[in-house]
Each structure stands twice: as C-alpha cells, then as structure tokens.
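Let's take a walk through this model together, stopping at a few places along the chain.

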Amino acid sequence: LTDHGYRNPPAGIPRVNLDQRWAMQELVRLLAERGHRSLGYFRPAEGLDQYSLRWGATVAAAEEHGLALHPSFTQPRSIRPETHEQVMDEFAEQVATGVRQRAITAVICPGDAYAWPLIQRLQALGIRIPEDVSITGFDDSRREPPPGLPGLTTVRTPFPALYHAAFDLLQARMDGQGGQFGEMLIRPEIVVRGSIGPARQN
C-alpha cells in the first residue's frame, strides 16, 4: 500500500494509490471555473516523487483548461529544513509583486506545508486571500486555520478507502484469485474552503 505516487513503482507488485493526477486536475478546474487564467506554483526542486507527479498533472490540467503557468512563478526552488524560512520569504515577496502587477491570480502549492507559510507571509505583506490571490494546498494537514487566516482549499486523503482497498487486494491474493494485479487508484476528497475565490479583475 502506497500513497506516494512513485515514478518507477516495483514491477509486478499490486498496490493501492491515491489518484493525485485527478486531484490536481480538480484543483485546476476549480480555479478555471472562478476565472483564473494565470497561475503560480510552488515547485520544490528536491523531495518526494509525488511532488513531480503533482507538478506534471498540474501542467497537463492547465493546458487542458487553457490556463497559463507563469514561468516567473513556477521555477524549481531548492528548499530544505534549514532554508525553509528563507525560501518561503523570497517566494512570498515574489508572489506579492506578481499579484500587484496582475501577473498571477492564484498559486498552487503541492503541500499544505508550503501553502500555510505562503498565506501567512502574503497577508503580512498586505495581500488579501482570496480577494487578491487564491491559494491551494494538498494533504489537509490542518483542519482549522491559524487565527486570522482563511481556511485552506486542499486535498484530503481518504485513508479508510485506501485501507479497505488494500485489504481487499491482499485478501484476493491470499485466496489465490488469478488475473493481473496492478495499481488501484483511489480518488481523494477536494476540500473547498475560503482560500480560493473569483479571480481579481484588472
């Protein structure tokens, strides 16, 4: 059982996985429906395979919906525990400038660990969420927002569904059922909260 979306999963091993591509497609669709046309994306240069998967899915979804991923706000960023604060400070400053210049109206983050610090920093810089810019995350790691911050639109992993699917798959193997067992994808829940809104008009 894995929910990390490995780029090169072990051959021949049955697995249950979170459908992260679908999740990113849904987030992009939500933004497109609200009139967003130019997006930023916090893109870690290093990290789990799932970050690469989410980035690739976002690129494909943006193309499908006719949205632009602004090159100035989607460059890979090297971020480690010891540089986290500095990197987030720099990205927030850049996003704030882009928002003021109407270059972007939304930013997708591949994890709540990046979305929450970005929201906090943008608000400190005088940028309103979601009136000036919409922000999305992934993981639903914090159900209640910190004081003074909007709720975060994010992706929630349906752990019970993953566990049940994995148990059923294991039981089928133990019962000697034939056939090919590949990857079973479980769709997550898209949790819409106050961090996204209509795109700000020029």
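Predicted model: local features only at pLDDT ≥ 70, side-chain atom pairs only at ≥ 80, totals over all residues.

S195 touches I119, I129, P130, V133, S134, I135, P150, G151, L152 and T153, leaving aside residues up to four places away in sequence. You will find S195 in the segment after β10 (189-191). Is S195 buried or exposed? Its relative accessibility is 0%, and buried means under 20%, so S195 counts as buried. A polar atom of its side chain also lies 2.6 Å from the backbone oxygen of I135, and I135 is one of the residues that S195 touches.

Now turn to helix α3, which covers residues 84-100. This helix has 17 residues and reaches 24 Å from its first C-alpha to its last, close to the 24 Å expected at 1.5 Å a residue. Its buried residues are V87, M88, F91, A92, V95, A96, G98 and V99. Seen down the axis of α3, these buried residues fall within an arc of 165 degrees, so they line one face of the helix. An α-helix has 3.6 residues a turn, so residues three or four places apart point the same way. What do the buried residues of α3 pack against? Their partners are β2 (38-41), β5 (76-77), β6 (106-108) and α4 (112-124). Just after α3, R102 takes a positive phi of about 60 degrees.

Finally, look at strand β1 (residues 15-18), where both faces are covered. R15 and N17 are buried on one side, and V16 and L18 are buried on the other. Strand β1 runs parallel to β9 (residues 183-186), and 4 bridges join the two. Within β9, L185 is the bridge partner of N17.

Definitions and conventions
Residues numbered from 1 in each chain as written. Heavy atoms only, no water. Expected span 1.5 Å × (residues − 1). Buried < 20%, exposed > 50% of the residue type's maximum accessible area, 1.4 Å probe, protein only. Arc of directions from axis to C-beta. Contact = heavy atoms within 4.5 Å. Pairing = 2+ DSSP bridges. Polar contact = N/O pair within 3.5 Å; in protein donor to acceptor, adjacent residues only side chain to side chain.
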